[in-house]
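Colleague: I would like to learn how to read cavities, pockets and disulfides. Please take me through them one at a time.

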Amino acid sequence: MHDLSDDRSFDAALRREMEYLLASSMFRKSPKLSQLLAYLVGATLRGEGETLKSYTVAVDGLGRAADFDAQADSYPRVQVMRLRNFLSSFYARYEPVGELCIYILPGSYRVRLAKFSIAYPDIVVRNARRRLGSSAVEVDAVAVAESGTVGAKADHDEPAAIAKAAPSVAAGSNRFKLPQALLWGGAAAAALVAAVLFVPKFGNGEGALQGVHAPVLRISDISTAADPLSREIATEIEHALENGIAQGWAVNTLGSVEGNDGGGARVDYRLDANLTRLGSDGRQLLMEMIDKSDGRIIWSESYPIDDSKPIQPQLHQALVQITTPLGVIGRRELASGDAQKYSGYRCLVAAQAVIAGKTFVSAENVKQCLDQPLGNPQLEAVRLSSAAMRSVQEGLFNSQSLAIANGEDLAERAIETYPDEASGHFALAWMNYIQNSCAAGNYHAAEALRYNPYDRTATVYLASFAEDCALPGGPELVERALASRVDGQSSLGLAIVNLALKSGRSDILGSVSPRRSASVSADSDSLLSDAIIAAYFGNAALSRQSWAAFVKLQRRPGATPDELLQKTVFSKANRARILTLLREKAVLSDA
């Protein structure tokens with residue numbers, strides 16, 4: 001941890017960093033937060049940082065009247081929270097002028113300096129624009145003072161709690177024997193297992209596809225009222241969107257920073273938004289996605305925004321729609337070419353569709369393209385992770401131990417190739433969970449969700465193990481997974497049905513209506529989902545019809561229900577739960 005060798009060095013470094021921040025286009029767009037930052041820095045330099053109260057900050061720092069009631073009005077606390085989030089957004093994009101970042105601990109008004117990893121330990125993906133070229137990084141018009149480094153000394157009054165705790169489980173290789181028939185609930189292996197015929201072998205990257213990249217999305221300036229608060233909130237939303245998109249691999253993003261041309265990167269999509277006022281603290285955000293190739297609006301949605309709460313969590317569902325491989329952009333890119341010729345980026349999206357059990361993608365067409373190394377490090381990491389899951393799924397009924405070993409090697413290589421990518425941790429979490437290794441599974445699950453909390457597939461699958469392995473934050477993860485349900489026939493839908501069945505959530509099951517006829521072409525996961533939902537609500541006839549279609553699809557005459565379920569639902573507990581339900585509802589009568 002860095003502090004400063006004496007008070008004068010601290011004062012000089014703090015002033016220099018403040019001037020750097022205030023000169024940036026980001027803070028120039030936010031006069032109220034700039035005013036607050038200057039006030040808090042001044043108070044800290046005068047030695048008053050620890051004694052500041054909400055009333056003083058409101059009146060002296062934010063211009064409230066002398067009769068301001070700090071007990072009844074949270075305005076100063078909300079504004080400091082917004083400044084804290086604003087600083088976090090800034091340092092997610094730009095390096096400090098020296099070695100140290102300005103930050104403000106929750107519950108405090110004192111301004112501090114520390115290295116980025118200490119000041120902002122929760123930010124795991126930084127400087128996303130640099131993936132598009134160095135010229136994409138903002139260069140402010142206002143020159144900043146010299147950026148020499150400051151002396152180093154322990155910051156003795158810094159709380160130990162802000163240091164990141166070391167994980168209790170190492171992130172290295174984990175080797176366990178795979179228990180028989182002990183695999184994940186609601187997994188999407190059925191289609192993939194049938195298609196994959198070999199455990200992939202990967203070379204040293206020679207012949208990698210170069211120039212492969214994700215589509216580029218430009219986030220336009222959000223239109224809103226001209227008052228300073230509206231503009232500041234709009235700027236926060238722009239940066240929150242950019243931060244969130246940067247945590248996934250399926251979309252690259254350019255923000256609305258003045259003069260940012262993305263290093264000449266081609267812009268494929270544009271995100272326009274309008275923020276309107278609703279009541280005293282409420283606003284409505286309307287977003288539209290435009291495909292630049294033809295100018296069409298391909299997605300639009302509105303979200304409520306509460307001025308008094310952090311912005312990023314309020315955009316979670318929007319970011320799921322935008323950033324995930326099977327979100328609005330990924331689906332459009334996947335459908336844009338020849339389904340028989342997946343390669344590069346489209347191959348990765350197709351692989352995610354296979355993992356999620358989507359029926360519009362052929363696993364047979366994906367298996368070949370996944371063996372082609374990619375020149376882009378992040379996408380190469382995703383390829384390795386996808387191949388790792390493919391390797392394990394292929395070996396579920398054959399060489400299980402070899403498949404697990406091969407899959408772990410590939411997932412670990414993925415993490416080494418691009419440490420900020422979540423997919424390697426997701427693959428390792430899944431492999432440890434199916435081996436009943438909860439400690440290692442929980443570690444990698446937490447890392448996957450930290451690097452990318454917006455991946456719907458990972459959220460749903462990891463939630464399947466949350467209760468069994470006492471994953472920290474598991475109940476919230478399950479609720480998030482259940483809230484992410486969408487119409488459509490996929491094993492992600494089956495995973496959500498299994499989660500709802502396990503949780504006794506009839507409200508969730510009631511919102512997923514089974515199809516009225518099993519004669520409609522469907523995959524095994526959707527047919528099984530139909531059978532479960534119809535049985536749960538007492539429609540035994542429809543459940544029997546769906547089950548019969550499921551059995552026929554398996555093409556295993558004489559197979560027991562448990563054997564058939566094993567191909568689709570690989571968790572002993574979930575299989576037992578489904579069989580019990582079907583027998584209780586008189587759908588099945590066999591042993």
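**Spaces and sulfur links**

Modeller: Start with three helices: α12 (344-355), α14 (377-394) and α16 (423-434) each give at least two residues to the lining of the largest cavity. Helices here are DSSP runs of H or I with at least four residues, strands are runs of E with at least two, and both are numbered from the N terminus. This is a predicted model, where local features need pLDDT of at least 70, side-chain atom pairs count only at pLDDT 80 or more, and totals for chains, interfaces and linings use all residues. Residues are numbered from 1 along each chain as its sequence is written, and side-chain values use heavy atoms, with hydrogens and water left out.

Colleague: How many cavities of 30 Å³ or more are there?

Modeller: First, the idea. On a 1 Å grid over the protein atoms alone, a cavity is a set of points where a 1.4 Å probe fits but cannot get out; a pocket is an open set with protein on both sides within 12 Å along at least five of seven lines; lining residues have an atom within 4 Å of a point. By this rule, eight cavities reach 30 Å³ or more. The largest cavity holds about 130 Å³ of space. Volume is the space filled by probe spheres set on the points, and grid points are joined across faces, edges and corners.

Colleague: Which residues lie nearest the centre of the largest cavity?

Modeller: Q352, A422, S423, F426 and D455 do, out of 15 lining residues. Helix α14 gives the most, with four residues. The lining divides into eight nonpolar, five polar and two charged residues. Nonpolar covers Ala, Val, Leu, Ile, Met, Phe, Trp, Tyr, Cys and Pro; charged covers Asp, Glu, Lys and Arg; the others, Gly among them, are polar.

Colleague: Now the open spaces. How much space lies in the largest pocket?

Modeller: About 1000 Å³. Its lining has 34 residues, and N85, S88, D122, I123 and Q312 lie nearest the centre. Two or more lining residues come from each of α5 (75-93), α6 (116-119), α8 (228-246), α9 (311-314) and α17 (438-451). Helix α5 has the largest share, seven residues. By class, the pocket lining splits into 22 nonpolar, seven polar and five charged.

Colleague: Next, the sulfur links. How many disulfides does a search of the whole structure find?

Modeller: A disulfide is a covalent bond between the sulfur atoms of two cysteines. The rule used is a pair of cysteine sulfur atoms within 2.5 Å. The search finds two. One joins C347 to C369, with S to S at 2.1 Å. That link is right-handed, with 85° about the S-S bond. C347 lies in helix α12 and C369 in helix α13 (residues 363-369), so the pair ties together parts 22 residues apart in sequence.

Colleague: And which cysteine forms a disulfide with C438?

Modeller: C469 does, with the sulfur atoms 2.0 Å apart. The link of C438 and C469 is left-handed, with -65° about the S-S bond. C438 is in helix α17 and C469 is in the loop between α18 (456-466) and α19 (474-483), so this pair ties together parts 31 residues apart in sequence. In sequence order of the bonded cysteines, the pairing is 1-2, 3-4.

Colleague: Is C438 buried or partly exposed?

Modeller: Buried means under 20% relative accessible area, exposed over 50%, and partly exposed in between (1.4 Å probe, protein chains only). C438 is partly exposed at 22%. C469 is buried at 10%. C347 is buried at 1%, and C369 is buried at 10%. C101 is buried too, at 0%.
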